[in-house]
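These are my notebook entries on one protein chain. I set down what I looked up, in the order in which I looked it up.

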Amino acid sequence: MTLAVRYTSARTLDTGPGVSAAPGPGEVELAPAYVGICGTDLHIFHGDMDARVTTPAVLGHEMSGRVVRVGPDVEGWHPGDAVTVMPLRWDDTCPACRSGHQHICQHLDFIGIDSPGAMQQRWTVPAATLVRLPDSVALDRAALVEPTAVAVHDVGRAGVRDGDRVVVVGGGPVGILIALVARAAGADVRVVELSSHRRLLAEELGLSTWDPAADDVAELVHQWTDDAGAEVSFEVSGAAAGVETAVEVLGVRGRLCLVAIHPRLREINLHRFFWRELTLVGARLYDRTDFEKAVTLVADGTIPAERLISKVVPLTDAPSAFEALEAGGDVMKILVDCGNDKAEASA
C-alpha cells in the first residue's frame, strides 16, 4: 500500500492509502520525491475551499519526482526520468481555451485542488502535464520550479523591462521569486515586507528591502526615483494595506500586477489610476513556456532554491508542517519528502 496525505475537514489532515491508479492511455505513473506546501494548500487546510475540494483530498501541486510506469500510447517518457508537473488540465473547448489561454480554462482542473495531488508515494497524471528536469538539478530544489513558473508568468504579465524600477509588496516565497525573476530581467527591485526574517533572507539574496512598519515607503520611492515613481509594482501580500502601497508607489503609466488572492473586496484609489494613467493586470498560474523557463532559472542558479527551503519533513509529518507554516515565524518553504529521491524509481 502506498501512503498519501489527505485533507478530510477544516484543520484536519491524516496519512492514509494513496489514490493513484495504474496509468491508462496517455497517462504516466510518478513517484513523487518532494512536494512543496503553498498558500493555496493552507487555504484548503483552513477549510476555506471546502466548496471546491472533494474529501478526502490528496493535496500538493509543487513537486518533483521520477517516472515509474507509462501507459499505452505514451511516447518519450521512460522509468527513471526526472520530471515536474504543470498541474493543469483544461477542456480545450471553452472560450478561454479557444482564444489560446488554456491555463485559465473556464472549466480548469487544477490538479492537487480539483483532483488528487502529489502528496503521495505514487501519482498518476496525464503525460501532457510532464516537464522534463535536467539531471543536474537536485530533486528537492526542483520542487520549487512550479512557484518559480508563477513568478515568471507574473513578471511577463507586468511587462518588466531592463532598467525598470520594481516594487514587490510582500516578501513571502512567491514575492521573493518575483523579485529574483524581475532582477534577472534587468530590473532594479525593492521588496516591501513586514517580517524581519523574510527581509533578512531577501537581503542575503542581494535584494533591497523596506519595512512598511518603520519606513515611509512613499518617501523612499520618491527619493529612489527622483519623484518619478516606480514603473512596476506587484501586490503579493494579500492585505488591504499592500494594495494601497502597490498603487501609491507607481509613477505615470505604471503597471500594477495583482498576484495575491484577496478573499474579500478591497478599496482601491481609482482616482490615482485616472490621474496617472495606471494599468492593472491580473496574473494567474502559468503556461508551458513559463514552466520551461522556470526549470532553466532553477537549474542555472538564478533562483537559489536551496536558500528558500526552510525545512524538509517526511510524508507522515506533513500535518505538523502545515501547522508550522500557519504559525509563520522563520519559515519560508517547507517540503514534504515522499521517500522517492532515488537514482531510479521502481514500481
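**Entry 1: the nonpolar cores**

I began with leucine 130 and listed its contacts, leaving aside residues up to four places away in sequence. Leucine 130 touches Val28, Leu30, Val67, Trp77, Val83, Thr84, Val85, Val125 and Arg288. I note here that the model is predicted.

I then looked up the largest nonpolar core, which has 101 residues. Leu130 is among the residues with the most contacts inside this core, together with Leu30, Met119, Val160, Val168, Phe234 and Tyr286. There is also a second, separate core of 15 residues, and Val221, Trp224, Val247 and Phe273 are included in it. For background I recorded that nonpolar side chains tend to be buried together in soluble globular proteins.

**Entry 2: helix α7**

Which residues of helix α7 are buried? In this helix, residues 217-225, I found Val217, Val221, Trp224 and Thr225 to be buried. They lie on the same side of α7, because they cover an arc of only 80° around the axis.

I next asked what these buried residues pack against. Their partners are the strands β11 (165-169), β12 (188-192), β13 (208-210) and β14 (230-235), and the helix α8 (240-248). Aspartate 226 follows α7, and its phi is positive, near 55°.

**Entry 3: the parallel sheet**

In what order do the 6 strands of the open sheet with parallel pairing stand? I read the order as β13-β12-β11-β14-β15-β16. β13 and β16 (279-282) are at the edges with a single partner strand each, so one side of each has no neighbour in the sheet. From one strand to the next, the twist averages 20°.

I examined one pair in detail. β11 and β12 run parallel and are joined by 5 bridges. Valine 169 has valine 192 in β12 as its bridge partner.

**Entry 4: helix α8 and threonine 245**

In α8, I found Gly242, Val243, Thr245, Ala246 and Val247 to be buried. The buried residues of this helix pack against β11, α7, β14, β15 (250-258) and α9 (270-276).

Is threonine 245 buried or exposed? Its relative accessible area is 15%, and the cut-off for a buried residue is under 20%, so threonine 245 counts as buried. Apart from residues up to four places away in sequence, threonine 245 touches Val169 and Val217. Val217 is one of the buried residues of α7.

**Entry 5: histidine 262**

I located histidine 262 in the loop between β15 and α9. Its side chain makes a polar contact of 2.9 Å with the side chain of arginine 266. Not counting residues up to four places away in sequence, histidine 262 touches Glu235, Gly238, Ala239 and Val243. Val243 is among the buried residues of α8.

I turned to an open sheet of 3 strands with antiparallel pairing, in the order β2-β1-β4. β2 (12-17) and β4 (57-58) are its edge strands, and each pairs on one side only. 6 bridges join β1 (residues 3-9) to β2. Tyrosine 7 stands opposite leucine 13 in β2.

In helix α12 (residues 318-327), the buried residues are Ala318, Ala321, Phe322, Ala324 and Leu325. They cover an arc of only 160° around the axis, which puts them on the same side of α12. I noted that β1, β2, α1 (39-45), β17 (309-314) and β18 are included in what covers them. After α12 comes glycine 328, with a positive phi near 80°.

**Entry 6: aspartate 341**

Last, I looked up aspartate 341, in the segment after β18 (333-337). With a relative accessible area of 40%, aspartate 341 is partly exposed.

Aspartate 341 and alanine 33 are 308 residues apart along the chain, yet 5.0 Å separates their C-alpha atoms. Beyond residues up to four places away in sequence, aspartate 341 touches Ala33, Tyr34 and Leu139. With which side chain does the side chain of aspartate 341 make a polar contact? I found tyrosine 34 to be the partner, at 2.8 Å.

Terms used:
Residues numbered from 1 in each chain as written. Predicted model: local features only at pLDDT ≥ 70, side-chain atom pairs only at ≥ 80, totals over all residues. Heavy atoms only, no water. Core = buried A, V, L, I, M, F, W, Y, C linked by side-chain atoms within 4.5 Å. Buried < 20%, exposed > 50% of the residue type's maximum accessible area, 1.4 Å probe, protein only. Contact = heavy atoms within 4.5 Å. Helix = DSSP H or I, 4+ residues; strand = E, 2+ residues; numbered from the N terminus. Arc of directions from axis to C-beta. Pairing = 2+ DSSP bridges. Axes fitted to C-alpha atoms, helices over the stretch in contact; angles between N-to-C directions. Polar contact = N/O pair within 3.5 Å; in protein donor to acceptor, adjacent residues only side chain to side chain.
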